[in-house]
Amino acid sequence: MRSFFFFPRHGERICHLGVAFQLTPSNAVTRALDKIEYTLLPLPKHEPTELILVSPCPVSTTTTGTTVPPLLVQPHGGPHSQAVTEFSYSRAAAVLHGYRFVDVNYPGSTGFGQKTIDDLPPLLGTLEVEATLAAGRYLAEVGLASRERNKNLLMGGSHGGWTACHLTARWPGEYGAVVMRNPVTDLVANASMTDIPDWCYEEAGIAYPLGVGGPPSLVSPEDYRRFYEISPMRHAERVTTPTLLLIGMEDRRVPPNQGRAWYHALKKAKNVDVEMMTFPGNSHPIAETVEYVSFSFSLSSAYSREPD
């Protein structure tokens with residue numbers, strides 16, 4: 001195991017990361033990984049939603065809400081994609097740090113048939129958001145998660161960030177902290193900036209013209225109204241959840257101004273602690289650096305501690 005110091009460009013933090021170069025994990029790591037449990041759960045009242053629960057300890061509904069691990073809830077991006085049960089380094093790292101991790105395959109995810117995919121755009125900002133909210137509440141109801149706010153945390157990137165924005169704005173007392181990577185926050189602005197403007201239209205249930213005359217050069221008043229009504233930005237002033245934004249400065253899919261706008265909206269409201277880390281040279285996945293992983297863990301760990 002070798003360790004390195006990374007100095008973020010703006011100098012706000014110093015993060016110390018251990019990077020393993022061994023091809024074979026140590027016996028201790030192997031034993032810890034062997035204890036990780038994967039459980040697939042349906043989500044009642046939000047069919048066909050499926051939850052992938054990853055736990056550092058046996059999954060049992062006999063444990064009390066005060067003894068279960070803190071929960072990390074993650075809606076996937078897309079929105080027409082899916083979380084799967086394959087091994088994930090980041091998921092395993094979170095679980096080995098003591099978190100219980102739940103991926104939410106909400107209505108509109110792939111794998112459930114064409115109908116559920118077609119059903120999401122007319123209800124974008126509702127179906128996926130309410131299913132993700134219900135995931136944490138259901139796990140608490142059956143004894144697999146705590147009901148304490150500081151033990152329920154949220155992560156999401158891209159459309160998962162959109163979902164996280166909606167959740168923290170419309171249910172401001174639900175989560176102890178949230179980490180967002182390149183979130184979509186405002187379809188009005190994104191439709192004119194993204195490299196896939198057709199995504200904004202089609203996901204909002206608006207046909208995107210590709211025939212004679214080509215795509216629109218300006219958002220019409222009718223489309224503007226639809227984009228505005230379903231975007232989380234209209235609720236931003238209600239956020240009270242400590243927020244960390246991770247922004248890839250070369251992102252063309254969800255340009256940096258989407259995250260910047262959310263940051264400034266939260267700063268203006270003065271209701272919440274909010275930080276934004278920018279990563280030059282990184283695009284949508286933020287795949288060229290490791291600092292952002294450390295900051296995600298730092299924020300989650302800070303807000304999942306027992307109250308003083």
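Visitor: Among contacts between residues at least 6 apart in sequence, what share joins residues at least 24 apart?
Guide: That's 71% in this protein, where a contact means heavy atoms within 4.5 Å. This is a predicted model, so local features need pLDDT of at least 70 and side-chain atom pairs count only at pLDDT 80 or more, while totals for chains, interfaces and linings use all residues. Residues are numbered from 1 along each chain as its sequence is written, and side-chain values use heavy atoms, with hydrogens and water left out.

Visitor: OK, how many helices and strands are there in the protein?
Guide: There are 10 helices and 10 strands. They are DSSP runs numbered from the N terminus: helices are H or I with at least four residues, strands are E with at least two.

Visitor: Which order do the strands take in the open sheet?
Guide: The eight strands run β3-β4-β6-β5-β7-β8-β9-β10, with mixed pairing. β3 and β10 (274–279) are the edge strands, each pairing on one side only. Two strands count as paired if DSSP finds at least two bridges between them.

Visitor: How much are neighbouring strands turned against each other?
Guide: By 15° on average in this sheet, ignoring direction. For angles, axes are lines fitted to C-alpha atoms, for helices over the stretch in contact, and values run from 0 to 180 degrees between N-to-C directions.

Visitor: Let's walk along it. Do β3 and β4 pair in the parallel or the antiparallel sense?
Guide: Antiparallel, over six bridges. L41 has L51 in β4 as its bridge partner. β4 and β6 also pair in the antiparallel sense, over five bridges, with L53 opposite V102 in β6 and E50 partnered with N105 in β6.

Visitor: And β5 with β6, parallel or antiparallel?
Guide: That pairing is parallel, over five bridges, and L71 has R100 in β6 as its bridge partner. β5 (residues 71–75) also pairs with β7 (residues 152–157) in the parallel sense, over three bridges. There, L72 stands opposite L153 in β7.

Visitor: How many of β6's six residues are buried?
Guide: Six of the six, with buried meaning under 20% relative accessible area, exposed over 50%, and partly exposed in between (1.4 Å probe, protein chains only). Both faces are covered: R100, V102 and V104 are buried on one side, and F101, D103 and N105 on the other. β4 is mostly covered too, with five of its six residues buried.

Visitor: Which strands does α2 lie across?
Guide: β3, β4 (50–55), β5 and β6, and α2 runs at about 140° to β6. As for α5, that helix lies across β5, β7 and β8, at about 140° to β7.

Visitor: Switching topic: how many salt bridges does the structure hold?
Guide: Four, taking a salt bridge as a side-chain nitrogen of Lys or Arg within 4 Å of a carboxyl oxygen of Asp or Glu.

Visitor: What does D103 pair with?
Guide: R91, with the closest N and O atoms 2.7 Å apart.

Visitor: Are D103 and R91 buried or exposed?
Guide: Both are buried.

Visitor: Where's the partner of R137?
Guide: R137 meets E174 in a salt bridge at 2.9 Å, N to O. R137 is in helix α4 (residues 127–141), while E174 is in the loop between α5 (159–170) and β8 (177–181), 37 residues apart. R137 counts as partly exposed because its relative accessibility is 39%.

Visitor: And which residue meets D195?
Guide: R253, again in a salt bridge, at 2.9 Å from N to O. D195 lies in the loop between α6 (187–190) and α7 (197–203), and R253 in the loop between β9 (243–248) and α9 (256–269), so the pair ties together parts 58 residues apart. Why call D195 partly exposed? Because its relative accessibility is 38%; for R253 the value is 37%, so that residue is partly exposed as well.

Visitor: Last topic, the surface. Which residues make the nonpolar patch?
Guide: Y38, F87 and Y89, making a patch of about 390 Å². Patches are built from residues with over 30% relative accessible area and no salt bridge, joining like charges within 9 Å and nonpolar side chains (Val, Leu, Ile, Met, Phe, Trp, Tyr) within 5 Å. Y38 belongs to strand β3 (residues 37–42) and is partly exposed, at 36% relative accessibility.

How values were computed: Areas by Shrake-Rupley, 256 points an atom, 1.4 Å probe, with all protein chains shown as cover.
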